[in-house]
Amino acid sequence: MSIPERKIEMAELGVLFATSEIAPLIKTGGLADVSGALPAALREIGVDVRVLVPGYSQVIEQLAEPQVVANLDDLPGFPMARLLSVTMANDVPLLVLDCPVLYQREGGPYQSPEGQDWSDNAMRFGLLSKVAAVLGSGATPLDWHPDLVHCNDWQTGLAPAYLHFAPDGAPSLIAIHNLAFQGNFPPEAVQLLHLPPSSFGIEGLEFYGKMSFLKSGLFYADHITTVSPNYAAEIQHEALGFGMQGLLSKRRDSLTGILNGIDTEEWNPASDPYLAKPYSSANITGKAANKKALQHKLALDIEPDVPLLGVISRFTEQKGLDALLEIVPLLCELPVQLAMLGSGDPDMQNAARELAHRFPGRIGLHIGFSEELSHQIEAGADMFVMPSRFEPCGLNQLYSQRYGTPPIVHATGGLADSVVDCTAASLADGTASGFVFNGMTAVNLYATILRSIDAYHDRHKWDTLCANCMRKDFSWETSAKAYRAVYMKVLGR
Ligand code: ADP
């Protein structure tokens with residue numbers, strides 16, 4: 001994607017986008033997809049966005065000819081660090097926070113290879129937050145001054161606090177991608193991270209006796225966004241507020257839900273290099289070759305007419321995987337197949353392995369992370385199952401619609417905002433795009449899968465549904481415009 005330079009030269013506003021992961025360099029979930037795509041979409045509409053990300057080993061290894069643009073050796077209480085600068089393949093300027101003692105180690109961004117949270121996460125993401133705030137204040141070592149700092153999730157949640165206490169801090173925004181992850185640490189972290197002791201209180205970063213990175217962001221940021229309108233409403237109530245509902249409800253006039261877009265180049269069935277055969281809504285018959293290839297790859301029986309359910313997910317209760325695993329034996333009494341990709345909870349992984357062993361040829365399972373297989377499941381499955389108990393936005397249901405694979409979803413968060421239940425009325429008006437159920441129970445999930453199988457066997461209905469899915473526009477442009485409008489509102493422009 002080429003950036004119209006003239007637009008950026010005349011940019012009305014500059015935004016520092018601080019994040020703990022960014023695709024394709026480092027990804028554990030949806031935040032990486034957003035960080036990899038939204039800044040480029042914002043630049044397309046003339047916002048000068050630059051991204052700040054930690055220099056994990058995986059990131060540093062992939063940088064081509066980074067330039068050192070600043071030394072950060074005088075941040076009290078923090079180890080020495082530097083800023084490297086590169087331009088991403090999509091032309092987005094990237095600032096990499098290089099601090100080997102904190103970020104260069106074997107393991108994930110948040111956890112060791114054994115799955116334990118890194119014991120120095122407060123310091124690791126305290127530094128990321130601190131540097132975001134420095135770059136957004138007069139103390140910046142760069143000659144670029146953002147008008148606003150856009151933070152994401154708890155890992156950058158202290159930046160709004162640092163900006164608040166800086167004499168000349170820029171306004172800030174915090175985007176919630178998942179309220180369940182909060183970055184709560186012992187109160188000693190306040191002193192460790194050189195925040196004013198007075199900030200540790202209910203009117204500040206205290207959360208039930210802990211020092212909370214997320215609460216800091218929610219309290220001190222000038223505006224809060226979250227990744228779907230429905231989730232913005234849900235988190236103001238106890239059931240999905242994770243203890244933050246009081247604050248969120250109080251700040252509801254500064255809380256905006258903006259549905260995520262998707263990278264429509266990376267997720268394009270007409271040009272996807274991972275697919276056995278590209279296809280589009282005009283020649284959806286090409287999907288059959290992808291189903292066959294997927295069945296072959298996962299050692300499923302080659303059955304063109306047996307409905308194949310796809311799943312790509314973290315194995316957690318949030319994603320409702322426990323309920324799905326519970327009904328697999330019942331599903332296997334039907335002519336149905338399941339292609340599952342994911343990892344997470346060890347008990348759920350074991351349960352999935354046992355089921356795959358018990359139903360050979362019917363359940364294809366890959367425990368792990370595979371970008372390639374995730375594309376192949378989106379294309380090769382007939383329908384996609386995503387029964388999340390809560391879902392801030394969710395990306396896979398968007399990808400699956402783009403790939404003509406109607407999703408089966410629980411009516412929550414972004415799933416409810418992005419999938420229209422298949423009924424006679426929604427089929428008639430051309431909006432039907434999947435199967436939506438209320439009340440997240442194994443029974444309701446099972447009933448809805450049965451409903452989707454009925455529809456699958458009605459060829460005309462199914463073709464209409466798949467065509468509706470593929471016609472939907474989930475490009476980032478709409479979301480980017482909504483973010484720009486929020487930035488302008490925060491800046492009073
Ligand atoms: P979350 O961020 O809560 O895990 P999302 O649906 O918002 O869920 O985003 C998940 C992203 O991670 C999607 O791009 C999805 O395709 C991808 N993903 C999840 N698990 C895997 C996996 N095992 N292999 C490949 N991609 C995965």
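**Figure 1. Glu-65 lies in the loop that runs between helix H3 (57-62) and strand S3 (67-72).** Although Glu-65 is not a glycine, its phi is positive, at about 45 degrees. Most residues other than glycine have a negative phi, and most peptide bonds are trans. The model is predicted: local features need pLDDT of at least 70, side-chain atom pairs count only at pLDDT 80 or more, and totals for chains, interfaces and linings use all residues. Residues are numbered from 1 along each chain as its sequence is written, and side-chain values use heavy atoms, with hydrogens and water left out. Helices (H or I, at least four residues) and strands (E, at least two) are DSSP runs numbered from the N terminus.

**Figure 2. A cis peptide bond joins Ala-23 and Pro-24.** The omega angle of this bond is about 5 degrees. Pro-24 belongs to the loop between strand S1 (14-18) and helix H2 (30-44).

**Figure 3. Helix H13 (residues 321-331) packs with helix H14 (residues 346-358) at an angle of about 20 degrees.** Their axes are 11 Å apart; axes are lines fitted to C-alpha atoms, for helices over the stretch in contact, and angles run from 0 to 180 degrees between N-to-C directions. H13 and H14 are therefore roughly parallel to each other (under 35 degrees; over 145 counts as roughly antiparallel, 65 to 115 as roughly perpendicular and the rest as oblique). Their crossing is left-handed, a term for a near helix turned anticlockwise from the far one by less than a right angle, with clockwise being right-handed. Leu-321, Asp-322, Leu-325, Val-328 and Pro-329 of H13 make the contact with Met-348, Ala-351, Ala-352, Leu-355 and Arg-358 of H14 (heavy atoms within 4.5 Å). This contact has eight nonpolar, no polar and two charged residues (Ala, Val, Leu, Ile, Met, Phe, Trp, Tyr, Cys and Pro count as nonpolar, Asp, Glu, Lys and Arg as charged, and the others, Gly among them, as polar).

**Figure 4. The largest cavity holds about 40 Å³ of space.** One cavity of 30 Å³ or more is found in a search of the whole structure. On a 1 Å grid over the protein atoms alone, a cavity is a set of points where a 1.4 Å probe fits but cannot get out, and lining residues have an atom within 4 Å of a point. Grid points are joined across faces, edges and corners, and a volume is the space filled by probe spheres set on the points. The lining of the largest cavity consists of Leu-309, Val-328, Leu-331, Cys-332, Val-336, Gln-337, Leu-338, Arg-362 and Ile-363. At least two of the lining residues come from each of H13 and strand S14 (337-344). By class, the lining comprises seven nonpolar residues, one polar and one charged.

**Figure 5. Helix H12 (residues 287-297) and helix H15 (residues 371-380) cross at roughly 130 degrees.** Their axes come within 8 Å. That makes H12 oblique to H15. H12 passes H15 in a left-handed crossing.

**Figure 6. Helix H19 (residues 442-456) and helix H20 (residues 459-471) cross at roughly 105 degrees, and their axes come within 7 Å.** H19 and H20 are therefore roughly perpendicular to each other. Ser-452, Ala-455 and Tyr-456 of H19 meet Arg-459, Lys-461 and Trp-462 of H20. Three nonpolar, one polar and two charged residues make up this contact.

How values were computed. 1 Å grid on protein atoms, 1.4 Å probe; cavity = no way out; pocket = protein on both sides within 12 Å on 5 of 7 lines; lining within 4 Å.
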